[in-house]
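Dear colleague,

Please find below the structure that I am handing over to you.

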Amino acid sequence: MENSEGVKIESTVVTEEPLISALDIALFVVIITVAYFWYFKRDKQSSSSEKKPYTIQPSSLSSIEQTSNSSFIKKLKSTGRSLVVFYGSQTGTAEEFAGRIAKEGARYKMKGMVADPEECDMADLVEMKEIQKSLAIFCIATYGEGDPTDNAMDFYEWLQNGDADLEGLNYAVFGLGNKTYEHYNEIAIYIDQRLEELGATRVHEIGLGDDDANIEDDFVSWKEKLWESVCSHYGIEETGEESNIRQYKLVDCSEVLPERIFSGEISRLKSYENQGFPFDVKNPYLSKIAVNRELHKSGDRSCMHIEFDIDGSKMRYDTGDHVAVYPKNSSELVDKIGELLNADLDAVFSLLNTDEESSKKHPFPCPCTYRTALTYYLDITSNPRTHIMKELIEYASDPKDQEKLKLMASSTPEGKKEFHEWILRDNRNIVHILEDLPSVKPDLDHLCELLPRLQCRYYSISSSPKVYPKSIHITAVLVNYTTPTNRVNKGVATNLLAQLIPTNDELPQPTIPIYIRRSQFRLPPKSQTPIIMIGPGTGLAPFRGFIQERDYARKEGREIGEMVLYFGCRKKDEDFIYENELQEYVANGTLTKLHLAFSRDQPEKKYVTHLLEQNADELWNIIGEKSGHLYVCGDARSMAKDVHSIIVKVVMEKGQMTNGQALNYVKKMEQQKRYSADVWS
């Protein structure tokens, strides 16, 4: 026996040892403690698992699904298909066009499927030759400064870096672009040429759609000739008139529990109640509106300065980035559709893809009510495309309405003229069409299938994270205009934002879903580099962030380069936005020069382009002699083009170059990111 000090004690007395020693008791306590925590931790996990939000099948494949289903070749073979239509889409139009082509394939004995290149192993294109009479079609959009869409980026890089043997692959390409941008359809043109370089066979010449004109007309004209080429190439004939086959079937969801019904979420059910980082296009952040104030001093137009609160969201942005805002349609227009179609907007339904192999099970989050679909998911304010006219024909009970729809759905010169005048020129949306053709009464579920998705709106961020790390600022003009039919059309996003006015602290603040889209519109890495900024109207927005960032650097004691701003508006006393801020930056030396053009303050209109022509020496001094950077933000259709022409002229004259040399000089500036544009049409 040992005492507490470990000294051995001899004893002749025999004692009975206890059944449970102190050590046993200690071990027992430890075991019980471990078991207790293990049990309750497991129970907690089980409980949280049971409370996991119900989600629909997402529009895109999850990482697990991508692993097992990324082979589109296997899907084509297992389902007896020979046509695959890939889309590179940023706003949904290319995806819509792809769906229409795949659907029409049935008329030519080519069962088709739509595929997102981001979800596919595009290296499998080498195996297309194993499928008899196979065809791959690419509907590819170009956006930004000649960039591929997000979902086509990997495919684009694979084509650039790979050297796959694509002999035996038959293909055709349709591009979606905008002629007001310098890099018109650049990605589609590259893909078309690169596929041929790798040995593929072009079945039909590339189609180039211009969104600044009539991209629907461009697409329909190209598509008709495409099928002629397909029939000639494969020796097949059209099977007959296309029937209006539904892609989705209606499912009654009146018995679905309320907690499993979508109410406006973009992807994940209850995502606005249970917010989780990271925030992106499918998981936007529900931001509070911290500030919403008017910038115009007078006049009948409105320009809003809005600040989104991102405190606690972990969201980070850089100066020059864009913020995406998810809008919703006005209740007035939604109610009007219900009234015109005599429909119960609060009925709960779902649309389920009839193609069981498709990864896109629903056209939008389902189940939901018709009111939710028309408010949050469907675009009811844009001009419908011709295929919608075609689908509406069967719902017209009046022969005159039926004939009008048939004419607009046709590809005849008369039909195109009627569509252009009645839909595009008169700016009719689906509500106007149902009003003006009263016998047209489509099933509401079919209309929900036909209408395109409501897209988020992008705004240049007009703040710097160095100065405002907990908020995002935008500068937005309220869009209201009267159409030729004397209807007032309202911008979906700006009119919603105009209603979101912060109240006192005691009441809940208005909110709206947002996420950040990265941009290449960046300040030079060195703060000493001189810059010229050209931004009339709301084109000033990103430059407000640029100036804030340079001002922050100056206050830190860092050297900053020259900052020259060209700004223009109609009248100094009416729409000179951020006037006091700009004058303060001039006074403290952050803004070296502020060139102002007020177009309507004198008899002859004066624009920023006039000022640029007058200041050729200053322009060349910064972009030529000091290797500075030049930035343009605003209208792409006229202003940005005019600026580009002036810059080329200045380089020619002051740099003593030929026109060709000047063009190459400006092109090199663009490649070096010394000439950047953030423009819209």
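The notes below describe the chain as a whole, then its helices, its strands and a few individual residues.

**The chain as a whole**

Please bear in mind that this is a predicted model. The protein chain has 681 residues, of which 50% count as buried. Its secondary structure comes to 22 helices and 23 strands. Among the contacts in the chain with a separation of 6 or more, 75% are between residues 24 or more positions apart.

**Two pairs of packed helices**

As background, a pair of packed helices is described by the angle between the two axes and the distance between them.

The crossing of α4 past α7 is right-handed. On the α4 side, the contact is made by F97, R100, I101 and E104. On the α7 side, I215, E216, F219, V220, W222, K223 and W227 take part. Sorted by class, this contact of α4 with α7 has seven nonpolar and four charged residues, and no polar ones.

A further pair consists of helix α16, residues 541-555, and helix α18, residues 579-588. Here the axes are 12 Å apart and the packing angle is about 35°. The crossing of α16 past α18 is left-handed. Where do the two helices meet? R544, I547, Q548, D551 and R554 of α16 touch E581, L582, Y585 and N588 of α18. By class, the contact between α16 and α18 has three nonpolar, two polar and four charged residues.

**Helix α12 and its cover**

Which residues of helix α12 (residues 413-425) are buried? They are G415, E418, F419, W422 and I423. The cover over the buried residues of α12 includes α10 (386-392), α11 (399-409) and α13 (430-436). After α12 comes N427, which has a positive phi near 55°.

**An open sheet of six strands**

Six strands form an open sheet, in the order β14-β11-β18-β9-β10-β15, and their pairing is antiparallel. The edges are held by β14 (457-460) and β15 (471-477). Each of these two has a single partner strand, so one side of each is left without a neighbour in the sheet. On average, neighbouring strands of this sheet are turned by 40° against each other, direction ignored.

V323 has Y459 of β14 as its bridge partner.

**A parallel pair of strands**

Strand β19 (residues 531-534) is covered on both faces. I531 and M533 lie on one side, I532 and I534 on the other, and all are buried. β19 pairs with strand β20 (residues 563-569) in the parallel sense, over four bridges. Opposite I532 in this pair stands V564 of β20.

**Individual residues in loops**

For orientation, most residues other than glycine have a negative phi, and most peptide bonds are trans. The following residues are worth looking up in the model.

The loop between β8 and β9 holds P278. F277 and P278 are joined by a cis peptide bond, with omega about 5°. D280 also has its place in the loop between β8 (248-252) and β9 (285-294). D280 is partly exposed, with a relative accessible area of 33%. From C-alpha to C-alpha, D280 and A324 are 9.3 Å apart in space, although 44 residues separate them in sequence.

Another cis peptide bond runs from C366 to P367, with omega near 0°. P367 lies in the loop between β12 (348-353) and β13 (368-369).

N185 has a positive phi, near 55°, and is not a glycine. This residue is in the loop between β5 (170-177) and α6 (186-197). Is N185 buried or exposed? With a relative accessibility of 0%, N185 counts as buried.

K314 is likewise not a glycine, and has a positive phi of about 70°. K314 is found in the loop between β10 (303-309) and β11. With a relative accessible area of 56%, K314 is exposed.

Yours sincerely

Conventions:
Residues numbered from 1 in each chain as written. Predicted model: local features only at pLDDT ≥ 70, side-chain atom pairs only at ≥ 80, totals over all residues. Heavy atoms only, no water. Left-handed = near helix turned anticlockwise from the far one by under 90°. Contact = heavy atoms within 4.5 Å. Nonpolar A, V, L, I, M, F, W, Y, C, P; charged D, E, K, R; others polar. Pairing = 2+ DSSP bridges. Axes fitted to C-alpha atoms, helices over the stretch in contact; angles between N-to-C directions. Buried < 20%, exposed > 50% of the residue type's maximum accessible area, 1.4 Å probe, protein only.
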